[in-house]
Amino acid sequence: DIENYTGYQFITGPDLAAKFEEHMRKYDITLKENEEVSEVRKRENLISIKTNKGAYEARTAIIASGKKSRELNVPGEREFKNKGLTYCATCDGPLFSGKDVAVIGGGNSALDAALQLIKIAKHAYVINITSSLGGDAIMREKVEASKNVTVLNNSQVTAIVGERMVSGIKIRREGKEEQLVLQGIFVEIGLIPNSDFVKDVEKNQFGEIKVNCHNETNISGVFAAGDVTDVPEKQIIIAAGEGSKAALAVFRYLAQHRFQ
């Protein structure tokens, strides 16, 4: 559910994405779907782009590859992905109606997931590795005040267990091993920028692509926009605005350069 995109008091993520695509398809734009980019490099005056299905050359490129969920890297995580373990409470929360679930994390994303699950799940455990919850104070207060939420601080996940589906989670809390019986796990421990395929652009310590106010990277002709960059605040409306800025910057770049 999206409630902070100007012009829509409420819209779902898939519906908003569909509107973006519908708008784009009104123009003469070639869309290449289901292609994974493996390399973006500047070669003389051209940007060389390699994918798992081919290669392309362009005068400019905008990298808008967003972020992906950080993983726990514990036994059972891979085996139970989409079998009770998920990384999106908004997407998959309704599947766990009336069930016991766990939210892994202690920041805003974890608190947001917990607040969504309060209305859906029978009971939710918030498993936080630090001594206290982070995030916004008002969100913390709502989570801690809920009767069907148990916050477990100083707790580290050690394994996901189950047979065909998730049946529990193992944690280490205050030096002791425990196992919680539950049917759903929501991993909310942060995001990693999808920037590995771009080797030559300058990045910060988090792997975010550094851009200036014109969305330019340190490589001439290569621009970046949205959550993959170091722009503050990862919000849809901000990413959309950054994408517009990047497109205008590309237009200006092409108008100001002569190519052989």
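This is a predicted model: local features need pLDDT of at least 70, side-chain atom pairs count only at pLDDT 80 or more; totals for chains, interfaces and linings use all residues.
1. Start with Y8. This tyrosine is partly exposed, at 30% relative accessibility. Y5 counts as buried because its relative accessibility is 14%, under the 20% cut-off.

2. Aromatic pairs come next. The count is 4 aromatic pairs. Y5 and Y8 make up one of them, a tilted pair with 6.4 Å from centre to centre and 40 degrees between the planes. The pair is called tilted because its angle of 40 degrees falls between the limits of 30 and 60 degrees. Ring pairs also bring in F20, giving a cluster of Y5, Y8 and F20.

3. Now the second largest pocket. Its space comes to about 200 Å³. Which residues line the second largest pocket? They are L72, I104, G105, G106, I127, N128, I129, T130, S155, Q156, V157 and I189. By class, the lining holds 6 nonpolar and 6 polar residues, with no charged ones. Strand β10, residues 155-162, gives the most to this lining, with 3 residues.

4. Helix α3 spans residues 108-118. Its buried residues are A110, L111, A113, A114, L115 and L117. What covers these buried residues? The cover includes two helices, α2 (89-92) and α4 (137-145). It also includes the strands β7 (100-104), β8 (123-127) and β13 (184-187).

5. Salt bridges number 13 in the structure. One of them joins E33 to R25, with the closest N and O atoms 4.0 Å apart. That value deserves a look on the model, because the limit for a salt bridge is 4 Å. E33 is partly exposed, at 49% relative accessibility. R25 is partly exposed too, with a relative accessible area of 49%.

6. A second salt bridge is formed by the side chains of E208 and K67, at 2.9 Å from N to O. This pair links distant parts of the chain, 141 residues apart. E208 sits in the loop between β14 (191-193) and β15 (222-224), while K67 belongs to strand β5, residues 67-69. Is E208 buried or exposed? E208 counts as buried because its relative accessibility is 9%, under the 20% cut-off. K67 has 23% relative accessibility and counts as partly exposed.

7. E202 and K210 provide another salt bridge, their side chains meeting at 3.4 Å, N to O. E202 is partly exposed at 41% relative accessibility. K210 is also partly exposed, with a relative accessible area of 33%. Elsewhere, salt bridges with shared partners join E39, R41, R43, K50 and D200 into one network.

8. Last, Q256. This residue lies in helix α5, residues 236-256. Q256 counts as exposed because its relative accessible area is 58%, over the 50% cut-off. How far apart are Q256 and Y87 in space? Their C-alpha atoms are 44 Å apart, and 169 residues separate Q256 and Y87 in sequence.

Key: Residues are numbered from 1 along each chain as its sequence is written. Side-chain values use heavy atoms; hydrogens and water are left out. On a 1 Å grid over the protein atoms alone, a cavity is a set of points where a 1.4 Å probe fits but cannot get out, and a pocket is an open set with protein on both sides within 12 Å along at least five of seven lines; lining residues have an atom within 4 Å of a point. Grid points are joined across faces, edges and corners, and a volume is the space filled by probe spheres set on the points. Helices (H or I, at least four residues) and strands (E, at least two) are DSSP runs, numbered from the N terminus. Ala, Val, Leu, Ile, Met, Phe, Trp, Tyr, Cys and Pro count as nonpolar, Asp, Glu, Lys and Arg as charged, and the others, Gly among them, as polar. Rings of Phe, Tyr and Trp (its six-membered ring) pair if their centres lie within 6.5 Å; planes under 30 degrees apart count as stacked, over 60 as edge-to-face and the rest as tilted. Buried means under 20% relative accessible area, exposed over 50%, partly exposed in between (1.4 Å probe, protein chains only). Contact means heavy atoms within 4.5 Å.
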